[in-house]
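Here is a short note to read alongside the sequence and the model. Please keep both open while going through the numbered points.

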Amino acid sequence: MTRTLALVESPAQLLNLLEWALGERDGAPDPARCEVAVLLPRDATTRHQLGVMAELARAEGIRVALHDIRRVPVGLPRALAALAPKLAGAGRLVIGDPFSGLIQWLLPLARTRDLVLVDDGTATLELSRELLAGRPLVRWHRTGSAPAAAARASRRITPGHGRQLEVFSCLTADLRLPPGGIASANTYSWARQRYGPPQVRPGVDVIGSSLAETGLIDPERYVREIVSLADEVNAERYFAHRREDPDKLRLIAEYAELEVVRPELPLELELLKGPVADTLVSMPSTVLHTLPLVLAGTGVEITVCGDVTDWLEPGASERATAFLEEVIRK
């Protein structure tokens with residue numbers, strides 16, 4: 001049976017790897033033959049969430065190794081020494097983020113022609129367009145010329161000439177892949193069975209985003225808009241994105257009079273654990289696509305906060321604006 005190696009960098013990617021390996025679907029792999037290499041980021045919140053998710057994966061019989069590849073000087077060479085033979089010997093490679101510069105750098109070390117993408121980020125929509133157009137894999141909010149690794153990654157991921165590509169996603173209805181690419185549906189069956197259903201209580205929760213941290217929205221403008229939104233919908237809690245700045249969150253708690261929640265797990269699992277408000281108002285993000293599946297049958301209503309393109313910095317690219325508008329429409 002095929003031995004699988006997964007490279008993940010975020011808690012959501014690790015959750016979706018668990019769904020791919022353990023969810024109710026045809027062709028699921030043998031968890032005992034799956035190994036996950038977690039490429040740890042620098043920020044403490046994400047590292048903590050990844051540690052919690054790693055323990056969940058181990059409890060399900062999946063081997064997980066944490067690689068401190070960014071925070072310490074010897075991290076990269078040490079991780080490379082450990083990963084190079086595993087990449088070369090893997091029969092199947094699973095990756096979470098094909099736009100990651102680190103993943104693009106590691107891809108050439110893998111000899112397998114069987115590739116699976118498991119990240120349900122809305123960047124999956126962008127991925128399909130870039131592959132169909134044969135363009136380098138560069139994030140939608142980036143500007144400037146594309147690095148050579150991004151172009152190589154596009155060629156390496158595109159199916160054909162013996163290369164296989166499966167995209168495991170909750171966005172299968174909207175995906176258009178190159179010939180030979182397969183889209184398989186992530187229904188979050190493992191998460192719902194493992195954690196749900198949650199206790200639902202009356203009220204409104206706001207789901208935040210890291211648009212300010214990526215430089216697309218001025219942080220002060222973001223706080224003002226959240227304060228206004230919280231007052232308009234009479235919100236009680238604000239679920240922070242793992243990359244949100246603590247100083248910004250303190251201002252939101254103070255001026256919007258919201259309870260700021262920093263989830264220990266990906267939001268999909270945190271809300272399944274409950275309690276959850278019967279109305280969720282979200283910024284434009286992936287959760288507008290994942291939460292309707294995760295919370296199906298609970299009666300929770302999920303809405304988008306509105307058109308945030310007016311909040312964007314003057315220097316934001318047309319591509320960024322178009323992408324956010326697409327996220328809202330889907």
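Which residue in β4 is the bridge partner of Ala 6? The answer is Val 94, and point 2 returns to the sheet concerned.

1. Basis and overall form. This is a predicted model, in which local features need pLDDT of at least 70 and side-chain atom pairs count only at pLDDT 80 or more, while totals for chains, interfaces and linings use all residues. Residues are numbered from 1 along each chain as its sequence is written, and side-chain values use heavy atoms, with hydrogens and water left out. The protein has twelve helices and twelve strands; helices (H or I, at least four residues) and strands (E, at least two) are DSSP runs, numbered from the N terminus. The C-alpha trace spans about 55 × 45 × 40 Å along its principal axes. A compact globule of 330 residues would have a radius of gyration near 20 Å, and the protein agrees because its value is 20 Å. That radius is taken over C-alpha atoms, and the globule rule is 2.2 Å times the number of residues to the power 0.38.

2. The seven-strand sheet. Seven strands form an open sheet in the order β3-β2-β1-β4-β5-β6-β7, with parallel pairing. Two strands pair if DSSP finds at least two bridges between them. At the edges are β3 (63–67) and β7 (181–185), each of which pairs on one side only. From one strand to the next the twist averages 20°. Strand β1 (residues 4–8) and strand β4 (residues 92–95) run parallel and are joined by four bridges; the pairing of Ala 6 with Val 94 in β4 belongs here. Helix α3 (residues 75–89) lies across β1, β2 (34–39), β3 and β4, at about 140° to β1. For such angles, axes are lines fitted to C-alpha atoms, for helices over the stretch in contact, and angles run from 0 to 180 degrees between N-to-C directions.

3. The five-strand sheet. A second open sheet has five strands in the order β10-β9-β8-β11-β12, again with parallel pairing. Its edge strands are β10 (259–261) and β12; each has a single partner strand, so one side of each is left without a neighbour in the sheet. Neighbouring strands are turned by 30° against each other on average, direction ignored. Strands β8 and β11 are joined by six bridges, and in β11 the bridge partner of Arg 201 is Ala 277. Three bridges join β8 to β9, where Asp 205 stands opposite Arg 237 of β9. Strand β9 (residues 237–239) and β10 pair over three bridges, and Phe 239 has Val 261 of β10 as its bridge partner.

4. Helix α11. Contact means heavy atoms within 4.5 Å. Is α11 (residues 287–294) mostly covered or mostly open? It is mostly covered, with six of its eight residues buried. Buried means under 20% relative accessible area, exposed over 50% and partly exposed in between (1.4 Å probe, protein chains only). The buried residues include Val 287, Leu 288 and His 289. Across the protein, 52% of the 330 residues count as buried.

5. Glu 301. This residue is in strand β12. Glu 301 counts as partly exposed because its relative accessibility is 44%. Leaving aside neighbours within four places in sequence, Glu 301 is in contact with Asp 278, Thr 279 and Leu 280. Glu 301 and Asp 278 are 23 residues apart in sequence and 6.1 Å apart in space, C-alpha to C-alpha.

6. Aromatic rings. A search of the whole structure finds one aromatic pair. The ring centres of Tyr 222 and Trp 311 are 6.4 Å apart and the planes are at 85°, so the pair is edge-to-face. Rings of Phe, Tyr and Trp (its six-membered ring) pair if their centres lie within 6.5 Å; planes under 30 degrees apart count as stacked, over 60 as edge-to-face and the rest as tilted. Tyr 222 is in helix α8 (residues 219–233) and Trp 311 in the loop between β12 (301–304) and α12 (318–329), 89 residues apart. Both Tyr 222 and Trp 311 are buried.

7. Charges over rings. The charged end of Lys 248 sits over the ring of Tyr 222, 4.0 Å from its centre. Arg 194 lies over the face of Tyr 195, at 4.8 Å from the ring centre. The criterion is that NZ of Lys or CZ of Arg is within 6 Å of the ring centre and within 35 degrees of the ring normal.
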